[in-house]
Amino acid sequence: MVAIVDPDEDLVRRVGQGDPAASQALVALKLPRIHALAQRMLGDATEAEDVAQETLLRAWRQAPKWAPGRARFDTWLHRVALNLCYDRLRRRREIPTEAPPDRPDDGPGPDRGLLAAETGARVAQALRQLPDRQREAIVLCHYQELSNIEAAALMEISVEALESLLSRGRRALRQTLSDMAPGARKGDRG
């Protein structure tokens, strides 16, 4: 068995020993990525904050028991966050609603970045419409910047299955967002 090199090993060990500086460093290092993952999976900032906090709380509890060499800590942390996201998504399905509630736009003010905010909102909406596994694959590879091998391991599927999910997800996103492609504007004539 090949030993897994984990860049977080020393930090996790120090957190497990109760080192406050290590705990702060772990939060500073991991919170932004875990929050971004949850935000993209759930599409709700408040829920994403809750998931990110719960994930880091579990990391803090797990640190004293962490056994290096079996898996990378970052991979385990992503798996915890994804599981928490799926728990919330399952709960949402149990309470059917006719339409999603209106939410305030957290993007930049209308005087700057309006187009970027609209584009981001459209992409986020299209991402939320994907089946869970396709969304998970795209978020892990494109937003979390994990390699296909890392994402496949995290999702507990083969690299080929991951690539199939990515392909189907990208195709669905392209179709949903086709009107945003260059030259697709109304009134454009070639």
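About 40 Å³ of space lies in the largest cavity of this predicted model, and the structure holds 1 cavity of 30 Å³ or more. A cavity here is a set of points, on a 1 Å grid over the protein atoms alone, where a 1.4 Å probe fits but cannot get out. Grid points are joined across faces, edges and corners, and the volume is the space filled by probe spheres set on the points. The lining of the largest cavity consists of R72, D74, T75, H78, L146, E150 and L154, where a lining residue has an atom within 4 Å of a point. By class, this lining has 3 charged, 2 polar and 2 nonpolar residues. Ala, Val, Leu, Ile, Met, Phe, Trp, Tyr, Cys and Pro count as nonpolar, Asp, Glu, Lys and Arg as charged, and the others, Gly among them, as polar. Helices α4 and α7 each supply at least two residues of the lining, and α4 gives the most, with 3 residues.

The model is predicted: local features need pLDDT of at least 70, side-chain atom pairs count only at pLDDT 80 or more, and totals for chains, interfaces and linings use all residues. Residues are numbered from 1 along each chain as its sequence is written, and side-chain values use heavy atoms, with hydrogens and water left out.

The protein has 8 helices and 0 strands, and along the sequence the pattern reads α-α-α-α-α-α-α-α. Helices (H or I, at least four residues) and strands (E, at least two) are DSSP runs, numbered from the N terminus. Buried residues make up 33% of the 190 residues; buried means under 20% relative accessible area, exposed over 50%, and partly exposed in between, with a 1.4 Å probe and protein chains only. Of the contacts (heavy atoms within 4.5 Å) between residues at least 6 apart in sequence, 64% join residues at least 24 apart.

The largest nonpolar core has 44 residues. Such a core is a set of buried Ala, Val, Leu, Ile, Met, Phe, Trp, Tyr and Cys residues joined through side-chain atoms within 4.5 Å. Two or more core residues come from each of α1 (9-16), α2 (20-42), α3 (45-62), α4 (73-94), α5 (114-129), α6 (132-143), α7 (148-155) and α8 (159-176). The largest share, 9 residues, comes from α4. The residues with the most contacts inside the core are L37, M41, F73, L140 and L162.

L140 sits in helix α6 and is buried, with a relative accessible area of 0%. Leaving out residues up to four places away in sequence, L140 touches L37, H78, L82, E145, L146, A151, L154 and M155. Among these partners, H78, L146 and L154 also line the largest cavity. L140 and L154 are 14 residues apart in sequence, and their C-alpha atoms are 9.0 Å apart in space. L162, with the same exclusion of residues up to four places away, touches A137, C141, N148, A151, A152, M155 and I157.

A pair of aromatic rings is described by the distance of the centres and the angle of the planes. Rings of Phe, Tyr and Trp (its six-membered ring) pair if their centres lie within 6.5 Å; planes under 30 degrees apart count as stacked, over 60 as edge-to-face and the rest as tilted. By this rule the count comes to 3 aromatic pairs. One of them, W66 and F73, is edge-to-face, at 5.1 Å centre to centre with 85° between the planes. F73 is buried at 0% relative accessible area, and W66 is buried at 14%. Together with W76, these two residues form one aromatic cluster.

Helix α4 also holds a charged residue, R88. R88 counts as buried, at 19% relative accessibility. Apart from neighbours within four places in sequence, R88 is in contact with L42, E47, D50 and V51.

Two loop residues remain. E145 lies in the loop between α6 and α7 and is exposed at 67% relative accessibility. E156 lies in the loop between α7 and α8 and is exposed, with a relative accessible area of 68%. Phi is near 60° in E145 and near 60° in E156, in each case a positive value in a residue other than glycine.

Terms used:
1 Å grid on protein atoms, 1.4 Å probe; cavity = no way out; pocket = protein on both sides within 12 Å on 5 of 7 lines; lining within 4 Å.
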